[in-house]
Amino acid sequence: MHSTVHSFRTPEGVTLGVEHFGDAAAPLVLLAGGTTMLSWPDALCESLARGGRHVVRYDLRDSGASTTVDPEAPAYTLRDLAADAAALARGLDDRPAHLAGIGVGGMVAQVAALDHPNAFSALTLAGTRPVAPGPVDDDLPDHDQAAVKRRFELPKPDWSDRAAVAEFAAAAAAVFGDDPGAARATAERIFDRTPGTARSVQMANQLGLVFARIDCAPRWRERLPGLALPTLVVHGRRDPFFPVGNGEALAREIPDARLLVLEQAATTIPAASADEVAAAMLALC
């Protein structure tokens, strides 16, 4: 399916790299990257577009074609990223958008829906949790420490070497139970889209570590019962990074949310699950 890529400039002067699928006159589904837009598989974007939606996936700041300044010292907050999502939604369509976020993009989506409810008509949260990076609440399952240890013991690549970066991504995917081949291909695409081979910039794109450096206060979990948007929570049963109990908590705490557990998935949405996830998203609105 044909897609188009361009830039969007927010009223605050932030440039966001965006990619469009489907008819621009159709209802908007806005996919917040986690952190790059390629966190959302092509197959899902294409399935949503076939379902009659205008699908736009975008890069968060400090990734892909979006504004990159200093990934090691970001001068913005989680709420700024949420405001970016609202500005993009309003700039693309006069009607409220269905907002979806995956991984850390799911945290952006939660705060955006809470802070800018009039900008959005529905919410999808995939592979995420209701608290920020860092210490987890006692009632939520933390990362699988054995898997995380194996992941961080992997030798770091030469971040300027495309093949080495791709092999590192494949090895990391294998540790977390994702498809190494798909991870390798995605890492190559991310590398090719990254504005330069500087270590900090490549790490921000490939690992999303910049997110751990931004201000994620104040907490938003306690506000979730006030969400009035139709909500879908998607989570991989085998996710060792954000174990499925995090998705279950989101579905309990957001009124009338639907939980879709992908029994064979880990941290990513497999291409084989794209149509199932798309159908559940399309059913929201």
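# Helices, loops and buried residues

Visitor: Which residues of helix α7 (residues 199-207) are buried?

Guide: In this predicted model, the buried residues of α7 are Val-201, Gln-202, Met-203, Ala-204, Asn-205 and Gln-206.

Visitor: And what covers the buried residues of α7?

Guide: The cover includes helices α5 and α6.

Visitor: What happens just after α7?

Guide: Gly-208 follows there, with a positive phi of about 70°.

Visitor: Let us turn to α6. How many residues does α6 have, and how far does it reach?

Guide: Helix α6 has 14 residues, and the distance from its first C-alpha to its last is 20 Å. That is close to the 20 Å expected at 1.5 Å a residue.

Visitor: Which residues of α6 are buried?

Guide: They are Ala-183, Ala-187, Ile-190 and Phe-191. These residues lie on the same side of α6, because they cover an arc of only 100° around the axis.

Visitor: What covers the buried residues of α6?

Guide: Helices α5 and α7 are included in that cover.

Visitor: How do α5 and α6 cross, then, and at roughly what angle?

Guide: The axes of α5 (residues 162-176) and α6 (residues 180-193) cross at roughly 140° and come within 8 Å. The crossing of α5 with α6 is right-handed.

Visitor: New topic: the peptide bonds. Which peptide bond from an alanine to a proline is cis?

Guide: The bond from Ala-217 to Pro-218 is cis, with omega near -5°. Pro-218 is placed in the loop between α7 and β7 (231-236).

Visitor: What is the peptide bond from Gly-34 to Thr-35, cis or trans?

Guide: That bond is cis, and its omega is near 10°. Thr-35 belongs to the loop between β3 (28-32) and α1 (42-50). As background, most peptide bonds are trans, and most residues other than glycine have a negative phi.

Visitor: Speaking of phi, what value does Asp-62 have?

Guide: Asp-62 has a phi near 65°, which is positive although the residue is not glycine. Asp-62 is in the loop between β4 (54-58) and α2 (78-92).

Visitor: Is Asp-62 buried or exposed?

Guide: Asp-62 counts as buried, because its relative accessibility is 2%, and the cut-off for a buried residue is under 20%.

Visitor: What about Asp-256: where is it, and between which elements?

Guide: Asp-256 is in the loop between α8 (244-253) and β8 (258-262). Asp-256 also has a positive phi, near 60°. With a relative accessible area of 77%, Asp-256 is exposed.

Visitor: Where is Asp-84 found?

Guide: Asp-84 is part of helix α2. The residue is buried, with a relative accessible area of 2%.

Visitor: What does Asp-84 touch?

Guide: Leaving aside residues up to four places away in sequence, Asp-84 touches Thr-10, Val-14, Leu-16 and Arg-61.

Visitor: Now a strand. In which strand does Leu-123 lie?

Guide: Leu-123 lies in β6, and its relative accessible area is 0%, so it is buried.

Visitor: Which residues does Leu-123 touch?

Guide: With residues up to four places away in sequence not counted, the contacts of Leu-123 include His-98, Leu-99, Ala-109, Ala-113, Leu-227 and Leu-284. As for Ala-85, its C-alpha is 12 Å from that of Leu-123, and the two residues are 38 residues apart in sequence.

Conventions
Residues are numbered from 1 along each chain as its sequence is written. This is a predicted model: local features need pLDDT of at least 70, side-chain atom pairs count only at pLDDT 80 or more; totals for chains, interfaces and linings use all residues. Side-chain values use heavy atoms; hydrogens and water are left out. Axes are lines fitted to C-alpha atoms, for helices over the stretch in contact, and angles run from 0 to 180 degrees between N-to-C directions. Helices (H or I, at least four residues) and strands (E, at least two) are DSSP runs, numbered from the N terminus. A crossing is left-handed if the near helix is turned anticlockwise from the far one by less than a right angle, and right-handed if clockwise. Buried means under 20% relative accessible area, exposed over 50%, partly exposed in between (1.4 Å probe, protein chains only). Contact means heavy atoms within 4.5 Å. The expected span of a helix is 1.5 Å times one less than its number of residues. The arc is that of the directions from the helix axis to the C-beta atoms.
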